Amino acid sequence: MKRSLKQFIYKVRPYRFPHNIDFKTGYIFHTEEVYNSAIFARLFGFCRDYTAITGKQAICTVMSGVSPKVNAGMKAFNCSHEKLADLYHQLSKVATIGYHGHFYLKPNLYQRYQSEIRSNNRSVVQLTEQFNNDLEWFKKYELNHNGLYAGGWWFMNQHMISLLIQAGFKYDFSFSKHRYFLNQFSHHFMLEHNIKTGENFEIKIEGKGTIKEVQNLIGSVSSSFFNDYVRNLLKIFDPTQKEVIGLFNSHDYDLHTQNALNLFKELAKLPNV
């Protein structure tokens with residue numbers, strides 16, 4: 001009933017993608033559960049088919065095996081560190097690998113909402129230690145993060161940016177104008193600098209360097225209606241913009257393969273995308 005109603009509404013009142021905007025986009029995953037063979041197979045297949053449609057690779061930002069969240073899942077699925085690293089190396093054949101970080105005030109209590117470092121509840125000591133442990137794991141298993149980062153729960157602050165720059169990261173995908181992906185630091189930064197949706201920018205830390213920011217647009221690509229995506233994009237687009245550069249995003253575990261691929265098939269038909 002709901003689907004039929006939506007079909008009727010969009011037929012009567014369709015949403016039109018702006019023809020005056022030069023739109024450059026892609027797909028980024030927060031990759032957290034590939035130790036589950038079913039999730040890995042779905043993600044691998046999507047990335048392969050996505051490249052066939054777009055001619056580009058999706059970005060899979062992955063978590064280290066020493067992250068308490070991932071490590072618990074590895075144990076549940078009897079997945080060793082070597083096996084997880086091998087899955088990531090396999091994934092690198094069809095996607096561009098990056099680093100996805102989740103950090104905790106008390107790693108042994110990672111399941112608790114209050115324990116995850118998100119915005120104000122941060123610890124520089126814990127953040128730095130866990131960040132370094134993650135990168136050591138990447139190095140141990142010869143996994144290239146390609147200088148790409150995406151923050152868990154969209155967490156970002158000046159210290160996190162400093163860590164990324166010092167570690168050689170070149171691009172961060174943790175900023176967004178969408179209300180579901182807001183972080184206090186990133187939201188305030190974009191307001192203060194009058195940054196529009198899909199506007200790339202750099203952040204400079206004196207004495208350390210710079211990092212380029214590419215925004216996330218909307219996520220959870222699960223709808224079968226192209227108009228749903230256009231409608232939600234229009235909510236965050238500035239009508240005065242001539243160019244928008246930004247990514248769609250989801251987790252590996254909430255990917256709807258066919259609907260996500262159909263979205264990019266529809267986008268590929270547009271002359272300004």
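Which residues does Y27 touch, not counting residues up to four places away in sequence? In this predicted model, Y27 touches F46, Y50, A58, I59, V221, L247, F248, N249, S250, L255, A260 and F264. Y27 is also, together with F23 and F248, among the residues with the most contacts inside the largest nonpolar core, which has 70 residues. Apart from that core lies another one, of seven residues, among them I28, I59, F173 and V214.

**The sheet and the helices packed on it**

- Nine strands form an open sheet of mixed pairing, and their order is β6-β7-β5-β4-β3-β2-β1-β9-β8.
- Because β6 and β8 stand at the edges and each has a single partner strand, one side of each is left without a neighbour in the sheet.
- Strand β1, residues 22-31, runs parallel to strand β2, residues 58-62, and four bridges join the two; T31 stands opposite V62 in β2.
- Helix α2, which spans residues 37-54, packs on the sheet and touches β1, β2 and β3 (95-101), with its direction making about 160° with that of β1.
- Helix α9, which spans residues 257-268, also packs on the sheet, where it touches β1 and β9 (243-251), and its direction makes about 165° with that of β1.

- In helix α7, residues 184-192, the buried residues are S186, F189 and M190; they cover an arc of only 95° around the axis, which puts them on the same side of α7.
- An α-helix has 3.6 residues a turn, so residues three or four places apart point the same way.
- The exposed residues H188, L191 and E192 are carried by the face of α7 turned away from its buried side.
- At the N-terminal end, α7 is capped by N183, a side-chain oxygen of which lies 2.9 Å from the backbone nitrogen of F185.
- After α7 comes N194, whose phi is positive, near 55°; N194 has its place in the loop between α7 and β6 and counts as exposed, at 62% relative accessibility.

**A further positive phi**

- Most residues other than glycine have a negative phi, and most peptide bonds are trans.
- W153, although it is not a glycine, has a positive phi of about 55°.
- W153 is found in the loop between β4 (148-151) and α6, and at 45% relative accessibility it counts as partly exposed.

- S162 is found in helix α6, residues 158-166, and is buried because its relative accessible area of 9% falls under the 20% cut-off.
- F44 is found in helix α2, where it counts as partly exposed at 23% relative accessibility.
- Leaving aside neighbours within four places in sequence, F44 is in contact with Q90, L91 and V94.
- F44 and W154 are 110 residues apart along the chain, and their C-alpha atoms are separated by 24 Å.

Definitions and conventions
Residues numbered from 1 in each chain as written. Predicted model: local features only at pLDDT ≥ 70, side-chain atom pairs only at ≥ 80, totals over all residues. Heavy atoms only, no water. Buried < 20%, exposed > 50% of the residue type's maximum accessible area, 1.4 Å probe, protein only. Arc of directions from axis to C-beta. Polar contact = N/O pair within 3.5 Å; in protein donor to acceptor, adjacent residues only side chain to side chain. Core = buried A, V, L, I, M, F, W, Y, C linked by side-chain atoms within 4.5 Å. Contact = heavy atoms within 4.5 Å. Pairing = 2+ DSSP bridges. Axes fitted to C-alpha atoms, helices over the stretch in contact; angles between N-to-C directions.
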